[in-house]
Amino acid sequence: MADADLKLLYRELVSLEIELWDGIEGRLKAEYDLPLTSFEVLHLLHQRPGRRIQDIAEKFSITVGGTSKVVDRLEAAGLCERRANPNDRRSSIVELTPEGRKLVDGALKVFEEELELRIGSVIPEQSVREVTAVLSTLRAAGRALDAERKAAAQTPVSAMRVPKEPGRPAS
(Lines give C-alpha, C1' and ligand atoms only; values in the text may rest on other atoms or scores of the structure.)
Protein backbone atom coordinates (compact mmCIF):
# COMPACT_ATOMS: atom_id res chain seq x y z
CA MET A 1 0.00 0.00 0.00
CA ALA A 2 1.25 3.46 -0.78
CA ASP A 3 2.88 5.16 2.19
CA ALA A 4 1.10 8.42 1.34
CA ASP A 5 -2.30 6.67 1.51
CA LEU A 6 -1.63 5.36 5.02
CA LYS A 7 -0.41 8.76 6.17
CA LEU A 8 -3.49 10.43 4.72
CA LEU A 9 -5.77 7.88 6.40
CA TYR A 10 -3.96 8.44 9.70
CA ARG A 11 -4.33 12.22 9.41
CA GLU A 12 -8.03 11.95 8.51
CA LEU A 13 -8.76 9.60 11.43
CA VAL A 14 -6.92 11.77 13.95
CA SER A 15 -8.50 14.97 12.65
CA LEU A 16 -11.96 13.42 12.68
CA GLU A 17 -11.52 12.24 16.25
CA ILE A 18 -10.40 15.69 17.40
CA GLU A 19 -13.17 17.53 15.56
CA LEU A 20 -15.85 15.07 16.67
CA TRP A 21 -14.65 15.25 20.29
CA ASP A 22 -14.48 19.04 20.28
CA GLY A 23 -17.91 19.42 18.66
CA ILE A 24 -19.69 17.08 21.06
CA GLU A 25 -17.84 18.41 24.08
CA GLY A 26 -18.61 21.99 23.10
CA ARG A 27 -22.31 21.28 23.11
CA LEU A 28 -22.21 19.27 26.36
CA LYS A 29 -20.30 22.07 28.08
CA ALA A 30 -22.65 24.75 26.73
CA GLU A 31 -25.81 22.94 27.77
CA TYR A 32 -24.72 20.96 30.84
CA ASP A 33 -21.29 22.34 31.84
CA LEU A 34 -20.08 18.78 31.33
CA PRO A 35 -16.75 17.80 29.74
CA LEU A 36 -16.97 14.85 27.36
CA THR A 37 -14.61 12.74 29.50
CA SER A 38 -16.95 13.15 32.47
CA PHE A 39 -19.97 12.37 30.29
CA GLU A 40 -18.31 9.18 29.02
CA VAL A 41 -17.69 7.95 32.58
CA LEU A 42 -21.18 8.88 33.73
CA HIS A 43 -22.71 7.25 30.65
CA LEU A 44 -20.80 4.01 31.33
CA LEU A 45 -21.99 4.01 34.95
CA HIS A 46 -25.55 4.61 33.70
CA GLN A 47 -25.32 1.65 31.32
CA ARG A 48 -23.38 -0.66 33.64
CA PRO A 49 -23.86 0.29 37.29
CA GLY A 50 -21.38 -0.84 39.91
CA ARG A 51 -18.08 -0.54 38.01
CA ARG A 52 -14.69 -0.40 39.68
CA ILE A 53 -12.15 2.29 38.76
CA GLN A 54 -10.13 -0.46 37.04
CA ASP A 55 -13.17 -1.45 34.92
CA ILE A 56 -13.70 2.16 33.82
CA ALA A 57 -10.01 2.60 32.99
CA GLU A 58 -9.97 -0.59 30.89
CA LYS A 59 -13.13 0.40 29.03
CA PHE A 60 -11.63 3.71 27.90
CA SER A 61 -8.00 2.58 27.60
CA ILE A 62 -6.84 5.20 30.09
CA THR A 63 -4.78 4.95 33.27
CA VAL A 64 -6.26 4.00 36.62
CA GLY A 65 -4.81 7.23 38.06
CA GLY A 66 -6.47 9.37 35.39
CA THR A 67 -9.74 7.53 35.86
CA SER A 68 -9.58 8.01 39.61
CA LYS A 69 -9.14 11.77 39.14
CA VAL A 70 -12.20 11.96 36.87
CA VAL A 71 -14.26 9.99 39.39
CA ASP A 72 -12.97 12.22 42.22
CA ARG A 73 -14.28 15.30 40.37
CA LEU A 74 -17.63 13.64 39.63
CA GLU A 75 -17.96 12.53 43.22
CA ALA A 76 -17.15 16.04 44.50
CA ALA A 77 -19.89 17.37 42.20
CA GLY A 78 -22.38 14.90 43.72
CA LEU A 79 -22.84 12.96 40.49
CA CYS A 80 -21.48 9.61 41.66
CA GLU A 81 -20.34 7.92 44.83
CA ARG A 82 -17.99 5.16 45.85
CA ARG A 83 -19.04 2.31 48.11
CA ALA A 84 -17.16 -0.68 49.44
CA ASN A 85 -16.78 -3.56 46.98
CA PRO A 86 -18.34 -6.61 48.65
CA ASN A 87 -16.16 -8.92 46.53
CA ASP A 88 -12.82 -7.15 47.04
CA ARG A 89 -12.04 -4.97 50.06
CA ARG A 90 -9.11 -3.39 48.18
CA SER A 91 -11.40 -1.67 45.67
CA SER A 92 -14.63 0.27 45.64
CA ILE A 93 -17.66 0.31 43.40
CA VAL A 94 -18.67 3.56 41.67
CA GLU A 95 -22.37 4.29 41.19
CA LEU A 96 -24.38 7.26 39.97
CA THR A 97 -26.31 9.37 42.41
CA PRO A 98 -29.89 10.39 41.52
CA GLU A 99 -28.47 13.77 40.42
CA GLY A 100 -25.93 11.95 38.22
CA ARG A 101 -28.63 9.82 36.59
CA LYS A 102 -30.72 12.93 35.86
CA LEU A 103 -27.73 14.72 34.31
CA VAL A 104 -26.82 11.71 32.13
CA ASP A 105 -30.39 11.37 30.88
CA GLY A 106 -30.37 14.95 29.59
CA ALA A 107 -26.79 14.94 28.34
CA LEU A 108 -27.37 11.64 26.51
CA LYS A 109 -30.01 13.31 24.34
CA VAL A 110 -27.51 16.03 23.37
CA PHE A 111 -24.80 13.42 22.71
CA GLU A 112 -27.10 11.38 20.46
CA GLU A 113 -28.28 14.51 18.60
CA GLU A 114 -24.67 15.50 17.88
CA LEU A 115 -23.81 12.00 16.65
CA GLU A 116 -26.78 12.11 14.32
CA LEU A 117 -25.86 15.58 13.02
CA ARG A 118 -22.15 14.84 12.59
CA ILE A 119 -22.30 11.22 11.37
CA GLY A 120 -25.80 9.83 10.89
CA SER A 121 -26.99 12.62 8.62
CA VAL A 122 -23.82 12.42 6.52
CA ILE A 123 -23.38 8.72 5.74
CA PRO A 124 -25.98 5.94 5.39
CA GLU A 125 -26.59 3.36 8.12
CA GLN A 126 -24.88 0.59 6.13
CA SER A 127 -21.74 2.73 5.84
CA VAL A 128 -21.84 3.35 9.60
CA ARG A 129 -21.82 -0.42 10.16
CA GLU A 130 -19.01 -0.94 7.63
CA VAL A 131 -16.80 1.83 9.02
CA THR A 132 -17.43 0.58 12.55
CA ALA A 133 -16.38 -2.95 11.55
CA VAL A 134 -13.19 -1.69 9.88
CA LEU A 135 -12.26 0.45 12.87
CA SER A 136 -12.93 -2.46 15.25
CA THR A 137 -10.66 -4.66 13.14
CA LEU A 138 -7.90 -2.03 13.19
CA ARG A 139 -8.20 -1.59 16.96
CA ALA A 140 -8.10 -5.35 17.58
CA ALA A 141 -5.01 -5.70 15.38
CA GLY A 142 -3.33 -2.82 17.22
CA ARG A 143 -4.11 -4.34 20.63
CA ALA A 144 -2.74 -7.70 19.46
CA LEU A 145 0.45 -6.03 18.22
CA ASP A 146 0.85 -4.15 21.51
CA ALA A 147 0.35 -7.37 23.50
CA GLU A 148 2.88 -9.18 21.33
CA ARG A 149 5.43 -6.40 21.82
CA LYS A 150 4.79 -6.31 25.56
CA ALA A 151 5.25 -10.09 25.81
CA ALA A 152 8.48 -9.90 23.77
CA ALA A 153 9.82 -7.15 26.04
CA GLN A 154 9.14 -9.31 29.10
CA THR A 155 10.88 -12.37 27.66
CA PRO A 156 14.23 -12.90 29.40
CA VAL A 157 17.20 -12.43 27.08
CA SER A 158 18.52 -15.92 27.86
CA ALA A 159 15.26 -17.44 26.60
CA MET A 160 15.44 -15.56 23.33
CA ARG A 161 17.30 -16.98 20.36
CA VAL A 162 20.69 -15.32 20.21
CA PRO A 163 22.17 -15.08 16.72
CA LYS A 164 25.17 -17.35 16.21
CA GLU A 165 28.43 -15.47 16.22
CA PRO A 166 30.74 -16.12 13.28
CA GLY A 167 33.22 -18.84 14.10
CA ARG A 168 31.28 -19.98 17.18
CA PRO A 169 30.06 -23.56 17.17
CA ALA A 170 26.31 -24.11 17.26
CA SER A 171 25.05 -25.32 20.63
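Partly exposed here means a relative accessible area between the buried limit of under 20% and the exposed limit of over 50%. Glu75 has 30%, so it counts as partly exposed. Keep in mind that this is a predicted model.

Glu75 has a partner: its side chain meets that of Arg82 in a salt bridge, 3.1 Å from N to O. Arg82 is partly exposed as well, with a relative accessible area of 27%. Arg82 also turns up among the residues touched by Val71, along with Val41, Ile53, Ile56, Cys80 and Val94, once residues up to four places away in sequence are set aside.

Val71 takes us inside. The largest nonpolar core has 25 residues, and Val71 is one of those touching the most other members, a group that also includes Leu28, Phe39 and Leu74. Helices α1, α2, α3, α4 and α5 and strand β3 each supply at least two residues of this core. In soluble globular proteins, nonpolar side chains tend to be buried together.

Glu114 sits in helix α5, residues 98-120, and is buried at 7% relative accessible area. Its side chain makes polar contacts with the side chains of Arg27 (3.0 Å) and Arg118 (2.7 Å). Beyond its neighbours within four places in sequence, Glu114 is in contact with Gly23, Ile24 and Arg27.

Follow Arg27 and you reach Glu31, joined to Arg27 by a salt bridge of 2.6 Å. Both lie in helix α1, 4 residues apart, or about one turn. Glu31 is partly exposed at 44%. Arg27, Glu31, Glu113, Glu114 and Arg118 are linked in a salt-bridge network.

Note on methods
Residues are numbered from 1 along each chain as its sequence is written. This is a predicted model: local features need pLDDT of at least 70, side-chain atom pairs count only at pLDDT 80 or more; totals for chains, interfaces and linings use all residues. Side-chain values use heavy atoms; hydrogens and water are left out. Buried means under 20% relative accessible area, exposed over 50%, partly exposed in between (1.4 Å probe, protein chains only). A polar contact is a pair of N or O atoms within 3.5 Å; within protein, one must be able to donate a hydrogen and the other to accept it, and residues adjacent in sequence count only if both atoms are side-chain atoms. Contact means heavy atoms within 4.5 Å. A nonpolar core is a set of buried Ala, Val, Leu, Ile, Met, Phe, Trp, Tyr and Cys residues joined through side-chain atoms within 4.5 Å. A salt bridge is a side-chain nitrogen of Lys or Arg within 4 Å of a carboxyl oxygen of Asp or Glu.
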